[in-house]
Amino acid sequence: MVGTTASRNGWIVWLTFAIGMLLSVSPLPQFMEILRPLWLALLLAFWALTMPQKVGMVTAWCLGLAEDVLYGTLLGQNALILTLITFLVLSLQQRLRMFPMWQQSLVILVIFGLAQLVQLWLSALTGNRQPTLALVLPALVSALLWPWVSYGLRGLHRRYKIT
Amino acid sequence: MRVLVLVVLSVALMVVDARFTLLKPVRSQMSLVLMQSYWITDLPQRLWQGVASQFGSRTELVAENEKLKTENLLLQGRMQKLAALTEQNVRLRELLNSSALVNEKVEVAELIGMDPNPFTHRIIINKGERDGVILGQPVLDARGLMGQVVELMPYTSRVLLLTDTTHSIPVQVNRNGLRAIASGTGNPERLELRHVADTADIKEGDLLVSSGLGQRFPAGYPVATVKEVIHDSGQPFAIVRAVPTAALNRSRYLLLVFSDGRTAEERANEAAQAQEALDQHGGGPVIPATVPKPALVPTPAAAPVAAPAVPAAAATPAAATPAKPATTRHSAAKPPAAQPAATKPPATQPAAVKPAAKPPVSAPASTGGRE
């Protein structure tokens with residue numbers, strides 16, 4: 001978790017999460033709603049890669065609960081998804097850090113795609129089945145955004161020497 | 001290891017949240033903080049509107065003012081007639097021994113967010129539990145029904161729109177009282193009428209109003225207009241598509257309808273008592289002595305399901321006798337004077353409609369309260 005005694009500038013991480021949460025509910029034109037990237041998952045993936053000792057699955061779970069309240073889904077649904085994403089990222093962490101950017105994007109695409117499939121399955125369980133596989137589109141958009149998010153956050157990380 | 005614990009915890013939470021109401025307080029506490037984010041993301045638009053209205057040109061404002069004045073005049077003119085019609089409606093209902101109607105209270109709410117999930121049609125409004133909103137409360141806009149409240153939070157609530165795939169609403173054709181169920185399709189401009197017989201008297205342009213049979217929505221509010229009726233001999237039923245009259249994806253200001261929580265019998269009794277009190281004072285209109293006794297429950301036969309369609313057009317008691325017994329269903333029974341009552345008093349209440357009057361399908365107003 002962020003915010004323990006030894007951390008410095010940890011609030012910036014939380015600020016990015018807050019902004020991510022705003023982005024994930026911000027109004028979009030109808031045709032773009034279906035393409036909305038998984039902002040929280042992107043941020044979590046980056047911080048888990050960079051500071052695995054600070055941002056981990058517990059953080060992911062708490063953020064997921066918050067997202068559940070925002071979206072009005074069952075409490076625990078998005079928490080489960082985000083925990084799984086963070087788990088996968090953390091278990092691939094050693095390799096992911098060595099990868100070039102495009103390869104990272106590919107891995108992110110696979111992980112987020114899996115997560116979205118779990119999401120589809122969970123919402124089918126709760127009787128709100130989405131009719132199409134268009135649900136995987138956000139994963140694609142997120143993977144395309146990954147390099148930019150990654151560069152931006154890395155700059156932030158260096159600039160403020162967040163530990 | 002940790003991941004296992006968290007996964008199990010999430011699953012447990014989901015099960016508990018789906019089955020019990022244990023977690024409602026937790027959710028509402030969390031929403032107190034988190035729902036602010038909808039408000040924040042709505043801020044730019046609000047600011048933009050503020051700026052636009054600040055710098056709107058004078059001529060535009062004058063023109064708008066003019067237009068609003070005209071509209072107001074028209075509406076007030078219609079209101080005058082409405083008062084008379086309401087009075088008449090009450091009297092006729094008393095003749096029929098059915099319970100009197102009660103005016104519904106409405107309150108204005110503002111849209112503050114859309115559900116980010118593109119596959120559900122839900123919106124967030126800025127009135128919540130503390131404002132007296134209740135679960136299942138109907139929501140209108142200026143042109144018709146929009147949906148119902150499905151989740152309550154302290155200062156906000158979530159509204160499920162008519163066009164969500166999990167939503168259905170009992171309706172009737174305004175022209176002849178034909179009952180049907182309108183289900184959402186996931187398309188904001190499209191409702192579908194399920195299980196309408198191929199021979200049913202329904203055609204393009206018909207107005208569908210809420211029938212009040214689901215005990216959830218008040219009767220008589222416009223819901224949709226029929227856009228096309230397809231008779232396919234290969235299908236067991238006609239395919240009827242309708243367009244919601246409410247601007248489901250454009251309205252910013254909504255009306256919450258507060259209908260009282262009393263049962264139809266209690267309302268009937270109270271209305272009868274009020275009427276008696278009025279008669280004793282001598283101020284009330286002269287009415288044949290058919291004021292219902294407090295204990296008298298209106299019988300289903302005396303409470304035609306299509307009541308809202310009849311009274312406004314019927315000036316004489318002869319025409320007010322239920323021209324359409326509740327038993328003839330789809331047989332296209334046209335009441336003699338059932339020209340579509342020009343201005344339906346929106347105050348009609350499903351007071352008289354009792355479950356005993358055999359709703360066609362006793363479907364609840366909505367199937368998906370929560371996902």
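In this predicted model, the axes of α4(A) and helix α2 (residues 24–34) of chain B come within 9 Å. They cross at roughly 85°. Angles of 65 to 115 degrees count as roughly perpendicular, and α4(A) and α2(B) are therefore roughly perpendicular to each other. From α4(A), the contact draws on Ala66(A), Val69(A) and Leu70(A). From α2(B), Arg27(B), Met30(B), Ser31(B) and Leu34(B) take part. By class, the residues of this helix pair divide into five nonpolar, one polar and one charged.

The crossing belongs to a wider contact between the chains. Chain A gives 30 residues to the contact, and chain B gives 32 residues. On the side of chain A that touches chain B, the elements that give two or more residues are α1 (10–25), α4 (57–71) and α5 (77–91). The largest share of that side comes from α4(A), with six residues. This side of chain A has 16 nonpolar residues, twelve polar residues and two charged residues.

Helix α3 of chain A covers residues 39–50 and has twelve residues. The helix reaches 17 Å from its first C-alpha to its last. That span is close to the 16 Å expected at 1.5 Å a residue. α3(A) is mostly covered, with ten of its twelve residues buried. The buried residues are Trp39(A), Leu40(A), Ala41(A), Leu42(A), Leu43(A), Leu44(A), Ala45(A), Phe46(A), Trp47(A) and Ala48(A). What covers them includes α1, α4, α5, α7 (101–125) and α8 (137–160) of chain A.

α5(A) has 15 residues. From first C-alpha to last, α5(A) reaches 21 Å, close to the 21 Å expected at 1.5 Å a residue. Because 14 of the 15 residues of α5(A) are buried, this helix is largely enclosed by the rest of the structure.

The model scores ipTM 0.85 and pTM 0.71. Chain B averages a pLDDT of 75. In chain B, 70% of the residues score at least 70. Over residues 284–371 of chain B, pLDDT stays under 50. For this stretch the model has 179 contacts beyond four places in sequence.

Notes: Residues numbered from 1 in each chain as written. Chains lettered and ligands numbered in written order. Predicted model: local features only at pLDDT ≥ 70, side-chain atom pairs only at ≥ 80, totals over all residues. Contact = placed C-beta atoms within 7 Å. Helix = DSSP H or I, 4+ residues; strand = E, 2+ residues; numbered from the N terminus. Nonpolar A, V, L, I, M, F, W, Y, C, P; charged D, E, K, R; others polar. pLDDT = per-residue confidence, 0-100. Expected span 1.5 Å × (residues − 1). Buried ≥ 20, exposed ≤ 12 C-beta atoms within 10 Å, placed from the backbone. Axes fitted to C-alpha atoms, helices over the stretch in contact; angles between N-to-C directions. Parallel < 35°, antiparallel > 145°, perpendicular 65-115°, else oblique.
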